[in-house]
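Dear colleague,

Please find the structure below for your reference.

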Amino acid sequence: MAAPIAYAARTEYAPADYALIATDLDGTLLRGDDTVSDRSLAALARVCAAGARHLVVTGRPAPRVRPLLELLGGGGLAVCGQGAQLYDAGADRLLWSVTLDRELAETALGKIEAEVGQVHAAVDQDGVDGLTLIEPGYLMPHPTLPAVRIDRRDDLWCAPISKVLLRHPTLSDDELAAVARTVVGSLATVTMSGPGTVELQPCGITKATGLALAVRHLGLGPERTIAFGDMPNDIPMFDWAAHGVAMANAHPELKAVADEITLSNEDDGVAVVLERLLAEAQYGPKTLSMEP
């Protein structure tokens, strides 16, 4: 059991004012085995029954999110592909998507390799049935996610893509992302979304741009949004939302900008905060222990 983290509950926003609960998946709502705990499912069900909406905001492309959305209730919207896709799960269609120009992606990849040597790459194809293609040497950070291995890098560019995923044999994610940002410029947006996951996505596209689009579709706004995440790719979402909650297992860059830090994804950190908000709504704010 993780050590309890005690803190004074924030009182700037009444819990009823949170009309939207925006959660990342990997490292946040999902446990390490890609499951959602019964406690988290129950907490989300309770806040939704109280009138809030739950919106998944993830780096996973729409096809890799569909089974999880079914587990979470199925028919809502989801921001996928780091904000490049707005997916309607009920209709199984993309309401909006933007692709990464494949020539720009190839150029950006070449610039990175000119600085750090060979990297191993993968791509997420656009569309509700898009594939994840991985070149020789690339290891999937999530073994449970399906991928198609191709023989040549040129085969990565055979169809429209939403992003490129990069791994380096020796550099850390932070080191690879730092180099990529210095050389890629306006060719793409560089993000780091999890262990072994440095990504190139369309320039200017972030989780915040996708979330803003989804919220407009729902008739809501940032002032009524609480967001949960664990990696630097969640920073734009935290900047946009009224309140950002980082997991105990979060990257230091995200913790530095978070409004609060909850327990880890393995210890149901999202549920802990939602349960606190529900308790505050019923009994009023008080100091609580975040013990699971």
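What volume does the largest cavity have? The largest cavity has a volume of about 250 Å³. A cavity here is a set of points, on a 1 Å grid over the protein atoms alone, where a 1.4 Å probe fits but cannot get out, whereas a pocket is an open set with protein on both sides within 12 Å along at least five of seven lines; lining residues have an atom within 4 Å of a point. A volume is the space filled by probe spheres set on the points, which are joined across faces, edges and corners.

Please note that this is a predicted model, in which local features need pLDDT of at least 70 and side-chain atom pairs count only at pLDDT 80 or more, while totals for chains, interfaces and linings use all residues. Residues are numbered from 1 along each chain as its sequence is written, and side-chain values use heavy atoms, with hydrogens and water left out.

The protein has nine helices and 16 strands (DSSP runs numbered from the N terminus: helices are H or I of at least four residues, strands E of at least two). Of its 292 residues, 53% count as buried, that is, under 20% relative accessible area with a 1.4 Å probe and protein chains only.

The largest cavity is lined by 24 residues, and Arg60, His142, Lys163, Thr197 and Glu199 lie nearest its centre. Strand 10 (161-167), strand 11 (189-194) and strand 12 (197-201) each give at least two residues to this lining.

The largest pocket has a volume of about 310 Å³. Its lining comprises 19 residues, with Cys48, His54, Leu55, Leu72 and Gly76 nearest the centre. Helix 2 (38-49) and strand 3 (53-57) are the elements that give two or more residues to the lining of this pocket.

Strand 13 (residues 225-229) also deserves a description. Five of its five residues are buried: Thr225, Ala227 and Gly229 on one side, and Ile226 and Phe228 on the other. In a regular strand, side chains alternate between the two faces of the sheet. Strand 13 runs parallel to strand 2 (residues 20-23), to which four bridges join it, and Ala22 stands opposite Ala227. Four bridges also join strand 13 to strand 14 (residues 243-246), again in parallel, with His243 as the bridge partner of Ile226. Strands count as paired if DSSP finds at least two bridges between them.

Methods
Buried means under 20% relative accessible area, exposed over 50%, partly exposed in between (1.4 Å probe, protein chains only).
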